[in-house]
Amino acid sequence: MIFQNFGFNRQLIKAAGAPAAGIFPDQSTKVWTSTETDQWLTAASNVFTIGNGVTYSSYSTVSTALTGNTIAGVLARNGKIYIAGDSGTSTINIWNTNNNTNSTLSLSGNTQAYSMVYNDYTKCVYIPGNGIIYVVDTLTDTQVTTISNPLGNSYFQLYSSGYDAQYIYGTGWFQNNTWFRVDCSNNTAASLSIGTGGDTLNGVMGRNGKIYVGGGGGSTNGYHVLNTSVPQNEYVSGMGNISDSYRAAANHYNGYLYTMPAYGASKIYLMDTSNNSATEARGAVTDNRIGTTILGADGQIYGFGNSANASNNANVYDPVNDVLNYITVPQRDFNWSVIDANGHIYFGQGGNLYKLTASNVPSATLTALAEMNGIIARMR
Amino acid sequence: MQVFKLIKEDKVLYVDATPKAYYAALNNGWAYEINEVADDTILNTLEDIN
């Protein structure tokens, strides 16, 4: 039952005539391998190509009436963005990108959400609370259960699946430097009893199925890596002993993960997941408080600030031509960003939701974005 | 009660160990330790971090 949507979407793409069948990962496959991630990169290189004509100009305000002090958001297959706050409210926002309307859902307790995960295997969104995870079914927009944080501490971070969509991963953030795993098939969670080696911030899955997570204040490593297949903790080399450095990375179709600097760091790095190494892509950028990054429909990396010390700019990095440009945005305290099926990039904080509107999106790119809504849960 | 002991140069602050305080400390260059203190301990505020 849960895979019917996949087949439907794939038929739409075939009907549209682009891209050719077989390019996209088979989304009905619960357990991916490098075959699927390589397919993702191939598909992305066909439709998110720099120079494809897509443009993002100025930002627009989508809403100023979100409930709660929102700080985290994630896009689900249904085209809705689930947006939650960091404390003081049990209400989450559900912004429907299909018709630009907001609805709210009251959970059984307050959220404490600095990270959220959508899982396309269960069609559920996983939202941190104080020591628990709320599970919201996006097919019905109802809370179905809660899961206790197996580490026992109040605050934690959640990350996407690795190759196996049955599981999502988490850490104890700054309170407990340990990895844990949520089994989405039965809503249980268990510690992996593997240390992270330091504080862990935002993260993303690389093409090899490993989870890449930025190091925080108690870490001397730029990136911590969970090799989900062993499992074991690894690090990215080549970034030096940089404390407080990086918290936002995005997959690019060229196969590398790109990360923009935060908290004292100053360079844009590319990470080669084949050997967990980092190479400077661009040095000495002026805006070094980036909280979230996303791959745009134009093939560029968009980074948004997360500090009073950041600038009111979206940092727009072209990794092919090594060009950095800026688009003015109204705030500088962003922790999440998503791209919807029309290529629009959404980001927000507090009561506010904004977007960068994509123009001149080729039909093949639009078709791809519609299917990739489900994929970004693994490879944002 | 769990608090952050924040240290920068010759300054020391004690604040509630929350995510907001965590990111405020990172943004402003404070090193930190996690300490346990009595519940009635008077703490610094987020404004003190900034």
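On helix 2 of chain A, the face turned away from the buried side carries the exposed residues A:Ser34 and A:Thr35, where exposed means that 12 or fewer other C-beta atoms, placed from the backbone, lie within 10 Å of a residue's own, buried that 20 or more do, and partly exposed a count in between. This is a predicted model, in which local features need pLDDT of at least 70, side-chain atom pairs count only at pLDDT 80 or more, and totals for chains, interfaces and linings use all residues. Residues are numbered from 1 along each chain as its sequence is written, while chains are lettered from A and ligands numbered from 1 in the order in which they are written.

**Helix 2 of chain A**
- The buried residues of this helix are A:Glu36, A:Thr37, A:Trp40, A:Ala43, A:Ala44 and A:Val47; seen down the helix axis they fall within an arc of 120°, taken from the directions from the axis to the C-beta atoms, so they line one face of helix 2.
- Among what covers these buried residues is helix 3 (363-372) of chain A, contact being counted when C-beta atoms, placed from the backbone, lie within 7 Å.

**Sheet of chain A**
- An open sheet of 4 strands runs in the order 1-28-27-26 with antiparallel pairing, strands being DSSP runs of E of at least two residues and helices runs of H or I of at least four, numbered from the N terminus, and pairing requiring at least two bridges found by DSSP.
- Strand 1 (55-63) and strand 26 (337-339) stand at the edges with a single partner strand each, so one side of each has no neighbour in the sheet.
- Strand 27 (residues 345-349) and strand 28 (residues 352-359) of chain A pair over 5 bridges in the antiparallel sense, and A:Phe347 stands opposite A:Tyr354 of strand 28.

**Contact between chains A and B**
- Chain A gives 13 residues to the contact and chain B gives 9 residues.

Definitions and conventions:
Two residues are in contact if their C-beta atoms, placed from the backbone, lie within 7 Å.
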